[in-house]
Structures are given as structure tokens and as C-alpha cells.
Amino acid sequence: MKIINRVILIALLTIMNACAQEKNKNINSTEQINNMKPQEVTSGNVVDYIASKVKIYDKNPLYAIRPLQNSCVFEVLINDHLAYKNYDLKKLATPILINHYILKSGIQTITYRLYPLEDLMVDTYGKGETINTLLNNTSMNIEVIKYEDVKTGTRIGDEILVEKHESLTKKGTREFIGSGLPYYEYTFTFEATVPYEIEGWSNGQDLTKYDKKELEAVVLKKYAQIKQLYLEKNIDKLVQVEYLDKSLREDISDYKDKETIKRYWDNYYADVILEDKQFQSIEGYEMQFFGNNKIVTFRHPVISPMDPRLKGEAALYFLNTEDSGIIIANFKGVYLFLPEGKPLTVENLQIL
């Protein structure tokens, strides 16, 4: 019996020691993640790293918008960053979360850009005519709503109306103020209170001050770099060049949990490792500026693009064929900014 008890004791001690070592290993791993520098982040630890930077506060407010348009297509910008676009006739059912365009508490801007329907009625219903200007009954209504705390709910019953905007009409009439125009833009503000503060593009340079051809050439080289990394499936380099900064801003501001962070990462990873990526020529684009001229991107025009299917879409994209035989277009919305004090080079341009 004594021999048996001794054997059991040794076995128990061995198990306890193994558990202690595993616990220490986990502690060290957590410490390593917390002390990790951004340049040390790889595909193997990116989820843990981002999750370690997300904080949960006493209150975790979320802001959203609910736009409702009539007789137009449109874009919505939050703090001059493109947040949503709709180039068809559908009406939005669910609100659009906008926290990742709110860098800190204070006054925020909302800009909407309205465009005429062009051939949309003909293409959708097979009748009608080409409409090249905004109509008398064109309108845009936007509700800004707040959810007090993401932990307590984001259902309709949890919504708090922060601001309600209705597009202007001509004095003494119900006619849209921009009727007859090929394009209309309007900006209004609301106040937000958030528990975080993110640098984002706030420290960027005014890119319109650079020579346009010089800037265009550098951006094209940046696009070529990203394209090559996708073709090489160089996931670790893409984490550094494309994924990390953008995801940190979005995940911190949306208070995402680790499970959600991993789900987004898995979707991104699946795009990178696709075998059949057929990148298309970068042509027919416009160089556009956002973020008070601190952000630059290449997009196809909203009005009269070279291919109607490319209306307002990113200039960098690839096609791939699914198992079902359906060809899917994967648009890589690349928004770039140049930090203050940095010269204009491919390496210094950062993706938001």
C-alpha cells in the first residue's frame, strides 16, 4: 500500500508541476503580447495582439446612422472619411455603425453626396429614361443614433436619437434644393462622447500640397506592392503593411471581443490565400482625397464610369472563381495617409 501511495503521490506532483508550467507559460505569453512592438506582430499572433489592445469601459457607446434616400444614389462620409455608399435603389434596413470613423469625443461631421440615377431605372425595371440631374423629389434624411452601451444591447429599443437631418427644399416649396444639379453635397454635425482616443489620420499631411503626378506615381507603386504581396500570399508582410493599423482602429472603437476579431481575421486570411486571384488593370480611376485632404485613394468615378459595374468601386481589385463557377470581384479599398514629418515614399504611405 505504501508503494502504491508513493506512486500516486509522484503522479499527482508531476501533474501539478505540468499545470504550473503551463500556467507560467500562459502568463509569459500574455506578458509577451502586452509588451510586443507593432513590428513584431505576425499572422500567428495578430489576433492576440489586437485583442490585448481592445479595452472594455464602464460604458461602451456605439454610434450609427440610418440614411433614407429618394430619387438618387449617394455616399455618406463621417469626418470626411467614406463610411457608406449606395448606388442602387435599395433602402437601408439596418443602421450603419460609425464608431471607427470617430477618433475622439467632440463635434463630428456627416457629409452626404447625392448623385442622379442615370440609367438605374432602365437597368432595374427595363423602362424609364436616363436621368442626369437630381429631381424635384430627390431627398436625403439621416438619423444619427446612439446605443448607450454595447454590453446592454443594440436593438431598436436601445436606440437614442442624437440628431435628425432632413435635406433642404427651395424656399416656399417642397422641391429639393439641389434639383437640376448633376451633384449635391451637404454637411452637418453632431456631438459624440466616446471613452477612447485614436490617432488615425489626424497626424497626416495635406496630400494636395504635393505635385499631383508625383503623388499619383507613389500611390501606384504602393498599390503594386500590395498586389504583389497578395500574389505571393505573403500574409506576415500584409499584416504589417495593410491589416494591423486598420484593424486596430476598427476593433478598438467597436469594442470587439476576441471571437469577433478572429472571425474578421479568418475572412481576411481566406482572401489572401485564394489560389485563383486575377488582378485587373488599374485604369479609369480618379485620385480622390478624404479626411480633410489627409487621405488619398484611387476609385472609379460614380458618374459615368468606364464600366457601370465599377461605379464608385476601388481601383485595386481582383477576380476569382468560386467552386460554383460564379466569378466574384474582390475590391481592395486602399486608403492611404502620410504621417507628419515623413517624406513622400512608398514605405511611408500608411494604410488606414
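N292 sits in the loop that links β10 (286-290) and β11 (295-299). I start there for its backbone. The phi of N292 is positive, at about 55°, and N292 is not a glycine. A word on the source: this is a predicted model.

N292 has a positive one. Is N292 buried or exposed? N292 is exposed, because its relative accessible area is 57% and the cut-off for exposed is over 50%.

Next, D80. D80 also is not a glycine, and its phi is positive, at about 65°.

E242 belongs to helix α5, which covers residues 235-253. E242 is buried, and it has no salt bridge. Which side chain of opposite charge is nearest to E242? That is K332, at 4.6 Å.

What does the E242 side chain pair with? Two tyrosines. With the side chain of Y230, the E242 side chain forms a polar contact of 2.7 Å. With the side chain of Y268, E242 forms another polar contact, at 2.6 Å. Now the wider surroundings. Leaving out residues up to four places away in sequence, E242 touches I226, Y230, Y268, K332 and I351.

Now zoom out to the whole protein. The protein has 352 residues, and 43% of them count as buried. There are six helices and 15 strands. Along the principal axes, the C-alpha atoms fill a box of roughly 100 × 50 × 45 Å.

How about contacts? Take those with a separation of 6 or more: 69% of them join residues 24 or more positions apart.

Surface next. The accessible surface is about 19,200 Å², and carbon and sulfur atoms hold 51% of it.

Last, charge. The protein carries 43 positive and 49 negative side chains. How far apart are the centres of the two sets? They lie 4 Å apart.

Definitions and conventions
Residues are numbered from 1 along each chain as its sequence is written. This is a predicted model: local features need pLDDT of at least 70, side-chain atom pairs count only at pLDDT 80 or more; totals for chains, interfaces and linings use all residues. Side-chain values use heavy atoms; hydrogens and water are left out. Helices (H or I, at least four residues) and strands (E, at least two) are DSSP runs, numbered from the N terminus. Buried means under 20% relative accessible area, exposed over 50%, partly exposed in between (1.4 Å probe, protein chains only). Lys and Arg count as positive and Asp and Glu as negative; His and the chain ends are not counted. A salt bridge is a side-chain nitrogen of Lys or Arg within 4 Å of a carboxyl oxygen of Asp or Glu. A polar contact is a pair of N or O atoms within 3.5 Å; within protein, one must be able to donate a hydrogen and the other to accept it, and residues adjacent in sequence count only if both atoms are side-chain atoms. Contact means heavy atoms within 4.5 Å. Accessible areas come from the Shrake-Rupley method with a 1.4 Å probe; for residues, only the protein chains shown count as cover. The place of a charge is taken as NZ of Lys, CZ of Arg, CG of Asp or CD of Glu.
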